[in-house]
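Here are my notes on the model, point by point. Please read them with the coordinates open.

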Amino acid sequence: MQNENLVQISFFNQLMLVHPRKKQNERSEASVQVSEYFVNAEGTGDKVNLSDLLGTVEKTSGASNKTKKQLRNLQSSKETLELPLNKQQTEKIQRGIAYEKTTAEVSCWKNIILQNQKAEQMVFPLNQESSGPKRVEQVVAGWKVQTPLEQEIFRLLHGSRQPVNDPVLTPVEEQSLKAMSLEEAKIRRAELQKARALQSYYEAKAKREKKIKSKKYHKVQNKAKRKDFLKQFDEMVKTNPEGALEELKKMELSRMEERMSLKHQNSGKWAKSKAIMAKYDDSARKAMQEQLQMNKDLTQKMVVPSDDEHESIEEGLETVPDFVNDPETVIDPVNPWMRGQLTHEEPEVSCVTAEEVQTAEEENEEEEIIGEFERKRKLRQADEEDLIPTEEERKKTQEEDEDEEEDVSEFNTLFRLMRSEKTREGSNQTRGGLNTAGEEDEEGLLSEGQIRVRSIEDLEVLDEVVEPRAIEEPSAPQTAAAEATSEPPHKKKREINLKEVLTKEAKAVRLPFLPTVVDEEERDEQISIIKEAFAGDDVISDFIKDKSRQEAAGRPAVVDLTLPGWGEWGGVGLKPPRWKRKRFRIKTAPPPPRQDQKLPDVIISEKRTASVASHQVSQLPFPFQNTAQFESSIRTPIGSTWNTQTVVKNMTKPKVVTKLGAIIEPMVKEDFIKSKTTAAGGKGAAIMLGENRRAKEGTKRTKILALTELPTA
Amino acid sequence: MLVFGFWTTKICNTRNCFNKIVLIALFSLTFHCNGFASIVCPDLKKILTKFDSPSRWFMLGKKCKVPAGARERLKEAIAISEAMSEHAQKQAARYDLLLPEDAGFLEGDEDEDTNTISQADIADAVDITSGSKYFNLHLSQFGPYRLDYSRTGRNLLVGGKKGHVACIDWQTKDLKCEMNVMETVNDVKWLHTEAMFAVAQKRWLYIYDSKGVELHCVKKFNDVLRMQFLPYHFLLATASATGFLQYLDVSIGKEVAAICTKMGRLDVMAQNPHNAVIHLGHPNGTVSLWSPNQKESLVKMLCHRGAVRSLAVDKTGTYMVTSGLDRKLKVYDIRAFKPLHSCFLPAGASCLSLSQRGLLSAATGEIVQVYQNVLGSNPVSKPYMAHRLRGQIWGLAYCPFEDVLGIGHGEGFTSMIVPGAGEPNFDALDTNPYRSHKQRQEWEVKALLEKVQPELIGLDPGQLSKVDQASFEQRHKEQIEALGFDPLAKDKFKPRTKKKGRSSAGAIEKRKRKVAHEDQRDEIRQSVQERTEREKELKEKSNEKKLGNKSTLDRFRK
């Protein structure tokens with residue numbers, strides 16, 4: 001037995017040798033490639049204790065005392081580490097975190113999905129290239145210079161720095177080509193609102209100020225304004241010459257207005273009263289002087305510090321006398337063509353004006369105002385002499401204007417004065433008989449040419465001279481009229497038996513046709529006759545019977561559940577007792593009132609038309625809460641019979657439009673994120689981040705086609 | 001005398017008054033007009049802004065207000081639909097500019113009644129083409145004539161009592177066909193085009209083509225006295241001497257409905273162009289309204305003490321004019337079924353006809369009178385025009401889009417000029433008097449495609465756009481009526497046959513009794529449960545009440 005056992009053991013050992021459990025290999029030498037199969041698992045069962053490690057630390061001198069102390073503390077502490085969470089719990093936490101992450105990722109799609117759902121029309125593929133004009137760079141980008149000619153041209157172009165790359169469209173234009181996004185619109189709207197509000201505030205303020213009645217306040221205001229303006233103007237001349245020019249123009253305009261009006265001219269009631277007082281009252285004189293000063297200030301020409309050319313031009317303009325623009329006075333009443341004699345008499349006029357100037361200088365400075373007035377009055381009187389009384393007022397104002405202007409204009413008026421005198425003299429002379437016979441002839445001819453027949457008297461005068469042909473012409477229609485009255489115009493025959501029928505009719509028509517309609521009250525007799533005639537068939541009672549029958553048919557019948565013979569005697573001709581009738585006859589609710597309830601002579605059928613019902617909508621569709629809403633939403637017909645072409649097209653446009661043959665790619669995050677960020681404006685960093693991320697992701701596209709929920713057509 | 005009228009209409013636009021008052025415009029036309037406007041009228045914009053707030057004329061129904069606590073989706077839906085309808089209305093209003101033609105009129109001199117102006121005078125005063133529209137056809141041989149104008153107003157169909165039938169292009173006086181059917185002719189009517197017409201002869205209804213070839217003899221329609229054609233439904237409605245109102249669908253040649261009115265001989269008939277309801281006048285003074293969908297009359301109204309002689313309904317379906325043997329002429333508002341005013345005509349009116357613009361013509365004896373402003377609240381005072389004829393008047397009809405009244409009488413036919421009768425602007429897509437052969441063909445196809453089904457005829461043409469609010473039970477009942485059986489009915493319990501004597505009559509009966517009244521039992525069980533619950537609640541409440549006399553501090557107790 002023992003032997004056998006030994007044999008067995010040795011055999012087992014041999015077996016163990018042949019098939020060792022673990023191949024115990026030793027690393028003999030360092031090699032570049034360390035096979036994982038050669039890693040030793042020696043001493044796997046043994047635990048490494050902290051004390052084992054500490055032993056070496058204690059011995060090493062390099063370790064600091066602090067760490068040693070800490071390690072010792074650790075060794076002494078008996079607390080164990082907490083167990084890691086079990087699998088379910090960790091998974092739950094992980095799931096929670098993952099959920100949060102994905103919701104954050106997916107929720108950015110929420111808006112665009114909603115937007116697409118709401119969109120009236122979706123056009124696929126999304127982000128199609130706009131059909132508008134492209135930038136030059138876009139077109140040129142893929143094109144390379146190849147031929148020597150092209151190369152040469154390019155060299156030239158670059159040499160001269162031509163704007164080769166200038167875009168056809170500015171970025172602003174391009175942006176406007178694309179639709180304005182929501183955010184942009186909002187920003188813009190806010191800006192506009194602000195501007196509007198500011199404007200309204202300003203307007204309100206201006207109104208308030210305008211309402212103030214205090215003259216003094218306004219005077220102060222105006223003065224301040226003027227001062228401010230002058231300051232600004234001086235600055236403006238330096239900085240903004242164009243603006244200054246414009247301002248200058250405005251000033252010029254105000255000057256013109258001042259010259260036109262009678263303001264500050266001391267011609268009003270007030271001024272006249274003051275003029276009387278001026279001799280005795282200092283303050284009155286001062287006030288008048290102020291007024292005149294104002295006028296002078298306003299009418300003074302602005303001296304523009306500009307080129308010599310301008311000045312010369314202006315001087316040239318000034319030299320032109322004012323009367324050039326005035327309406328010409330007709331010198332020769334007979335001949336309107338005789339004009340422009342003035343040029344010959346110029347020298348005389350000039351001397352007269354010189355005298356006038358001298359007189360003006362002679363006057364004392366004290367009585368300046370009064371003198372001025374008197375002079376003006378003189379001028380006016382002189383002018384008035386040769387004016388027609390009807391045009392007096394208009395002319396006066398004109399002349400007054402002229403008076404108040406500078407000396408030049410004064411000269412002009414005087415000039416005219418003289419001229420009129422001259423012409424008068426000239427005409428007198430001609431009348432005097434100095435002119436020759438030839439001239440007379442000429443005048444006669446001219447006057448003959450001028451004669452126009454204006455009245456019957458004129459005609460009579462002309463009778464002998466004018467040929468009889470002219471008289472014949474008006475007489476011709478008279479004769480025609482006479483003919484017309486004597487003979488009615490011949491009528492065209494359009495009918496087969498016209499004359500016969502018409503003549504008979506014409507007589508017959510007028511009598512019977514006139515009072516064909518008679519009021520009911522007037523014809524009581526006739527009505528009574530008719531009543532008699534229709535006495536047999538009583539139409540009304542028949543109709544009432546019919547109606548009552550219909551009403552009865554419409555009423556729900558009473559359900560009778562009485563059982564005869566129960567609890568009483570039965571038999572023929574017995575009525576159920578009252579209590580039974582009360583208890584077992586069930587009345588149903590009355591139907592809604594008939595449509596013809598208030599129309600005694602109408603029966604309207606209460607039957608429901610079931611034929612239409614099969615075509616009607618029987619259940620309210622989703623968003624609507626009551627029938628009125630739904631009915632109003634479908635009240636507008638869509639068809640072309642009821643609408644204009646554009647409206648029909650608009651109303652029936654498809655929900656989804658796809659381009660034939662184009663591949664519809666699933667929506668990419670960038671499509672809408674980009675538009676968002678650009679809309680926000682000035683968020684360059686965000687764009688960069690997005691792009692970076694995109695670059696990292698590379699070709700990995702998040703396919704969320706299912707999420708977009710394409711609306712099915 | 002001042003006569004104005006007779007347009008040379010080239011622009012094609014009008015209000016189409018069927019179903020809804022709306023505007024239609026031709027695309028090509030608008031294009032043209034817009035171009036024109038931009039050249040000629042620089043401040044067209046100013047004119048157009050006038051229409052920016054659409055007038056009441058173009059309003060279609062009421063606006064819907066968004067309720068206060070509405071869902072977002074509902075708000076959006078309402079807003080979109082409102083915006084769309086407003087846009088449509090505005091556009092329609094803008095296109096009103098394209099209706100340039102004015103209606104004609106006749107004005108007398110001072111102290112001159114327009115009714116004394118004779119037709120010859122008018123024909124002289126107007127231009128030659130218009131003047132030629134007054135003419136007489138002397139056809140004294142074949143008795144009083146009935147007549148009908150085609151819908152475009154180009155063709156005239158006359159039918160003499162004694163069998164003479166002729167169709168004429170009345171403007172060119174081009175006779176298209178003429179024949180004698182050798183039978184009494186009661187009525188003639190054009191069908192949807194000028195290519196076909198129906199003649200109600202002594203016994204049957206016949207259909208001929210424009211060359212006089214007999215196409216059909218419809219023997220289902222016998223003793224027809226009057227006919228009306230419903231153009232949008234392609235229905236020919238006939239009223240017979242036997243009291244039957246029948247509808248023939250001419251597009252498929254089928255009889256749609258045959259209604260026995262039980263009202264005797266039907267010789268007064270008119271149609272309401274607004275809702276395609278047929279009006280019949282009866283000898284007992286009533287007027288009844290009919291649709292093919294109902295075997296009884298929709299409405300019956302007592303209009304006259306004597307028999308009703310004639311009827312006419314205006315284009316918008318608002319007014320009905322009747323005349324009776326009591327010599328009264330009455331105007332009704334048929335939306336409310338109320339009489340507006342009545343007047344007494346000494347001679348009584350045998351025939352009535354309303355023009356497109358609301359002129360009423362009445363045949364009183366041998367005189368035709370035309371009344372103006374009848375449709376409205378103000379009563380009639382005197383005729384606008386009058387014309388005497390020879391012989392009894394048998395038929396009156398206004399020519400569409402022309403100022404012409406056709407009169408059929410014992411001595412033939414007379415075409416009378418009535419300025420201001422016709423609609424000056426027409427809708428070329430609907431009825432175009434100037435259409436070519438090709439256009440007619442195209443129109444016919446489109447009209448057939450857009451044919452309105454007879455089921456939709458009813459008093460309210462807008463019924464289709466309303467929600468059917470009938471209860472489920474009612475609808476179920478109607479379904480049972482229509483199908484003849486109840487589609488939702490449960491099958492009766494049928495016990496299985498079992499072997500070994502277990503299917504004896506008694507056993508079967510027992511088994512049946514087990515499941516008998518199962519539904520009822522369920523109901524009872526449920527009601528009992530509810531009742532017990534309710535009682536419980538009541539008990540609890542009463543308990544609480546009993547304990548109600550507590551101190552005020554008890555409320556803080558938990």
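**Notes on the predicted model**

1. Chain A exposes about 58,800 Å², and carbon and sulfur atoms supply 55% of it. Areas come from the Shrake-Rupley method with a 1.4 Å probe; for residues, only the protein chains shown count as cover. Chain B exposes about 28,200 Å², with 52% supplied by carbon and sulfur atoms.

2. Ground rules. This is a predicted model, in which local features need pLDDT of at least 70 and side-chain atom pairs count only at pLDDT 80 or more, while totals for chains, interfaces and linings use all residues. Residues are numbered from 1 along each chain as its sequence is written, chains are lettered from A and ligands numbered from 1 in the order in which they are written, and side-chain values use heavy atoms, with hydrogens and water left out.

3. Burial. Chain B has 558 residues, of which 52% count as buried.

4. Secondary structure. Chain A comes to 31 helices and five strands. Chain B comes to nine helices and 32 strands. Both kinds of element are DSSP runs, numbered from the N terminus: helices are H or I with at least four residues, strands E with at least two.

5. Contact range. A contact means heavy atoms within 4.5 Å. In chain A, take the contacts with a separation of 6 or more: residues 24 or more positions apart account for 61% of them. In chain B, among contacts between residues at least 6 apart in sequence, 49% join residues at least 24 apart.

6. Helices α2 (residues 50-59) and α3 (residues 65-76) of chain A. They pack at an angle of about 160°, with their axes 11 Å apart. Axes are lines fitted to C-alpha atoms, for helices over the stretch in contact; angles run from 0 to 180 degrees between N-to-C directions. α2(A) and α3(A) are therefore roughly antiparallel. The classes are roughly parallel under 35 degrees, roughly antiparallel over 145, roughly perpendicular from 65 to 115, and oblique for the rest. The crossing of α2(A) past α3(A) is left-handed, meaning that the near helix is turned anticlockwise from the far one by less than a right angle (clockwise would be right-handed). α2(A) contributes A:Leu50, A:Ser51, A:Leu54, A:Val57 and A:Glu58 to the contact; α3(A) contributes A:Lys68, A:Leu71, A:Arg72, A:Leu74 and A:Gln75. These divide into five nonpolar, two polar and three charged residues. Nonpolar covers Ala, Val, Leu, Ile, Met, Phe, Trp, Tyr, Cys and Pro; charged covers Asp, Glu, Lys and Arg; the others, Gly among them, are polar.

7. Helices α12 (residues 269-277) and α13 (residues 282-299) of chain A. Their axes come within 8 Å and cross at roughly 135°. That makes α12(A) oblique to α13(A). The crossing is left-handed. The contact residues divide into seven nonpolar, one polar and one charged.

8. Backbone checks. A cis peptide bond joins A:Phe124 and A:Pro125, with omega about -5°. A:Pro125 is in the loop between β1 (122-124) and α6 (136-140) of chain A. B:Met182 is a residue other than glycine with a positive phi, near 55°. B:Met182 counts as exposed, at 70% relative accessibility.

How values were computed:
Buried < 20%, exposed > 50% of the residue type's maximum accessible area, 1.4 Å probe, protein only.
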